[in-house]
Structures are given as structure tokens and as C-alpha cells.
Amino acid sequence: MISRRSLHLTRRQFIANSSVALAVTAVAGSRFPLMAQDRSRLKLAIVGTGSRGTSTWGKPVVDNYSDVVEIVGLCDINGKRVRAAQALMGSKAPTYTDFDRMVQETNPDAVMVTTVDATHYRYVIRALELGRDAITEKPMCTDEEQCQAILDVQKRTGRKVTVTFNARHEPEAKKVKELLMNKSIGELISVDFHEYLDTSHGADYFRRWHRLRENSGTLLVHKASHHFDQANWWLDSRPMEVTAFGDLKFYGHNNSFRSTHCRTCPFKPQCKFYWNVNQVPEYVKLYTECESEDGYLRDGCVWAENTNIYDTMSVLVKYENGVLMTYTANTYLPYEGQAISFNGTKGRLDFNSFAGGGFVNKELRLTRSFGQSEVVKNLEAHREGGHEGADTSIQDLVFRGQPSPDPLGLRADLHAGALSSLIGIAAYRSIERRGQRIRIADLVRL
């Protein structure tokens, strides 16, 4: 049982307290959409009204899904922020700083959790205990104990828990799944998955709460859970063992000067990572005008000496079906993108996507052994919406049950959500233990 008192930490207390347990979030269930019984619209409450809660699961739902979803309550530990979010979303839903009170007074069918990663589990578990379904942003969890707790509480209550894996919904990701299902390169042997984050996107994780592992579980959990879910889904297999290495090579202590945050920094003229948060009107409303409530700085210094996540990561994963995956992530590169290659008994499938330095290149290429190489075309068109339309696609799946039928298996089950996070958890445990091999089965009881 999660105590009611534990739901009332301030953001300053949480972020400053390194002893706070790493969080657990939840996983996608098999029943879609999340519909209320005997009513035409789902009653949805949102906890966590920062940028993701407001711009991905707030305003788009108000604008595009009001025929099937009614947002009945908004909650955040920062009273100014939740009121700012209400205005930005164009919602009339009442605002709260007390989660239990919101649930009791608004009587939602489901709760959407978009708080700091390490607080997801508090609200997911409490929602289940209060008889509500839970939808949560990734990751599933940030350590193995909280993962087990979510699995146990979900089993005990029988409520549904959904994680929003929007990376499955990218057109290229869907086409890769289709080609692998059709054995276009024969039986799969190995996968090379390389993630490139540039000095804009990558650096931004080191300005925010993500730079503390007690908040995010490191980027191997927060960011890479997207990629690990894609890999598990593409390979149609479970990870068995993980070995990893990682270090903080670029950000954090790796600089001769630093400050608390960009706006007051005396090194603005010489720091290439200076960023003006006040140029983003939404962030002004949600963050800079709300700092007096919790002290959270959206433009924190990328050189902060207390940064304790990795910016350079290398992971080896062994799957039950014998496939080996090599995964790397670097967060300080001159361009953004991915290079993902699938090696099979009859050929190779390459997906390359790069942008930066004045160029953009995206290609899905199928090369058959002893045969020709061709660019794969006839991809599903990108839709409007965030993350190149992937957000709209996952919103359709969650709230409208589309697509139906689902031949590509876009609907993730409980274990899919757990396993995507457990690879990252196993990876940072391996790093902590100097490259020791970590067995997934030793972390939780699935």
C-alpha cells in the first residue's frame, strides 16, 4: 500500500533527495480502447502537467478526442503549473495538488501519469488501489523492485495498466516489422542499433531532471526504453541476458566552468550550450513562471557537477531466440539520428535516419544475399502530430482502438512494458558491476 502522505513531496524535495526510491510505471494491457462502462466517453484524469502531460496527452485530447474522452481532473504538485496547464490545454477540468482528492472528487475511469519518471509508480499503484485503470508515459519502471511491485499490484487488483510506446507507430518501424514477419532477410541472426543524439536534443536531457539517475533511471531507462521495446517487438522474442558499459564523458563535470542555470549564467558569451528558455512561450508558462512553487529550473546547467547519468553507452543483449543485439547511444553528436541494421540468413535490412549540419537523410534499404539492393518504398505516410505523427497513432490506439485488427501487434501487453525497461535496468546494473552479465530472470518474477 502506498501511503497517502508519500504523494505529497514537493518537486524541490524530490529532486534534491537522492535517497528517493527509483520509480515504477506501468505497461500496456491487451484491451483497447480504454472505454468507460455504460457511457460513451472515457473519464480521464491527468497527473503531471509539465510539457508532456500538457502538449501530448492534454491539449491534443481536448482538441481531437472530445467525442470519446472527457478530461475530468488535472493534478500536479505545483499549483501554479497545473493552473497554467489548464489554460494551455483549453480545459475546464478542475485542478488539484492532492492526487487522492482528485480521484475521489472527479471519479475518473482512468488516470494518465506524466510526472517525473521516478514518481510514476506512486500514482500508478495508487490509481489501481483506488479502482482505476492507469495509463503512463514510458518507461515502465526505473528499478527492478518497483517493476515487481507494479506487476504484483496489477495482478492483485485486476485493473488495466497501459504504457504509451509511440515508437512502434513510426511508419518505418511498422514497415520493418512487416518485412521481418515476412522473412524478407530469412532468419534473423543479429541486430545493430545505434542512437545518435545531437547537441540540442541530447544536451536537453542534461538541463532537466533527467540528469539525476534517481529521477530517470539513466537514459538507458528513460530514453532507451523506446528502443528496447521496438527491438523486443521486431524480434518477437524476450531478452535473456544483458552486458553493458557506460560513462559520463562529455557533460557534467567535464568542463572548466558552470553555473546553476542559463538565465543567470556569467559564462553566456563563451558557452555553446547557452539556451534561452524564455524563447519558448509554453515553457515560460509551465516552468519559469512556476519556479517560486518548487524551485525547478527548466534551463539547468549541462555542466552540473551532480550529474550522475551516462552520456556514452554500449549494451549487448542476448535473446531467447538466439539473436544478439548491440545497442549504443551517444548524446553529444553533431547530428541527430539512428542507424539500425538487421542481419539475417538471406540478407540485411538497414534503416538510417540522420538530420543535422544542413542535411537530412532517411532510408530503409533491403539487401538480399547474392542479389540486389533496393530502397523500400510504399511506406505509410507520416501523420500530423508530435513525433512525426507517432503520437497521433498511439492516441488513436489508446482512445479509439485503432487499428483493428492489429496484424503488426502494435498493442503491447504487460510483459512488453516490463521487459523494455528491464533491459535498461539490467544495463545500468551491469555498468555498476563493471560489465557483469545480468540475467533478466534474476531481476523480477515475470
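Here is a short chat about a predicted model.

User: Hi! Before we dig in, what kind of model is this, and how are residues numbered?

Analyst: It is a predicted model, where local features need pLDDT of at least 70 and side-chain atom pairs count only at pLDDT 80 or more, while totals for chains, interfaces and linings use all residues. Residues are numbered from 1 along each chain as its sequence is written, and side-chain values use heavy atoms, leaving out hydrogens and water.

User: Thanks! Is strand S11 buried or exposed?

Analyst: Buried: nine of the nine residues of S11 (residues 336-344) are, so the strand is largely enclosed by the rest of the structure. Buried means under 20% relative accessible area, exposed over 50% and partly exposed in between, with a 1.4 Å probe and protein chains only. Strands (E, at least two residues) and helices (H or I, at least four) are DSSP runs, numbered from the N terminus.

User: And which residues sit on each side of S11?

Analyst: One side has Glu336, Gln338, Ile340, Phe342 and Gly344, and the other has Gly337, Ala339, Ser341 and Asn343. In a regular strand the side chains alternate between the two faces of the sheet.

User: Which strands does S11 pair with?

Analyst: Strand S7 (residues 188-198) runs antiparallel to S11, joined by eight bridges, and S12 (residues 347-356) pairs with S11 in the antiparallel sense over nine bridges. Two strands pair if DSSP finds at least two bridges between them. Histidine 194 has alanine 339 of S11 as its bridge partner, and phenylalanine 342 has leucine 349 of S12. S11 and S12 also form a hairpin, with two residues between them.

User: Nice. What does phenylalanine 342 pair with as an aromatic?

Analyst: Tryptophan 234: the two form an edge-to-face pair, 5.3 Å centre to centre with 90° between the planes. Rings of Phe, Tyr and Trp (its six-membered ring) pair if their centres lie within 6.5 Å; planes under 30 degrees apart count as stacked, over 60 as edge-to-face and the rest as tilted. Tryptophan 234 lies in helix H12 and phenylalanine 342 in S11, so the pair ties together parts 108 residues apart in sequence.

User: How far apart are the ends of H12, then?

Analyst: The end C-alpha atoms of H12 (residues 224-235) are 16 Å apart, which agrees with the 16 Å that twelve residues should span at 1.5 Å a residue. The expected span is 1.5 Å times one less than the number of residues. Twelve of the twelve residues of H12 are buried, so the helix is largely enclosed by the rest of the structure. Aspartate 236 follows H12 and has a positive phi, near 55°.

User: Changing topic: what order do the strands take in the six-stranded open sheet?

Analyst: The order is S3-S2-S1-S4-S5-S6, with parallel pairing. The edge strands are S3 (95-96) and S6 (161-163), each pairing on one side only. Three bridges join S5 (residues 133-136) to S6, and threonine 136 stands opposite valine 163 in S6.

User: One last thing: what sits over the ring of tyrosine 428?

Analyst: The charged end of arginine 213 does, 4.8 Å from the ring centre. A charge sits over a ring if NZ of Lys or CZ of Arg is within 6 Å of the ring centre and within 35 degrees of the ring normal.
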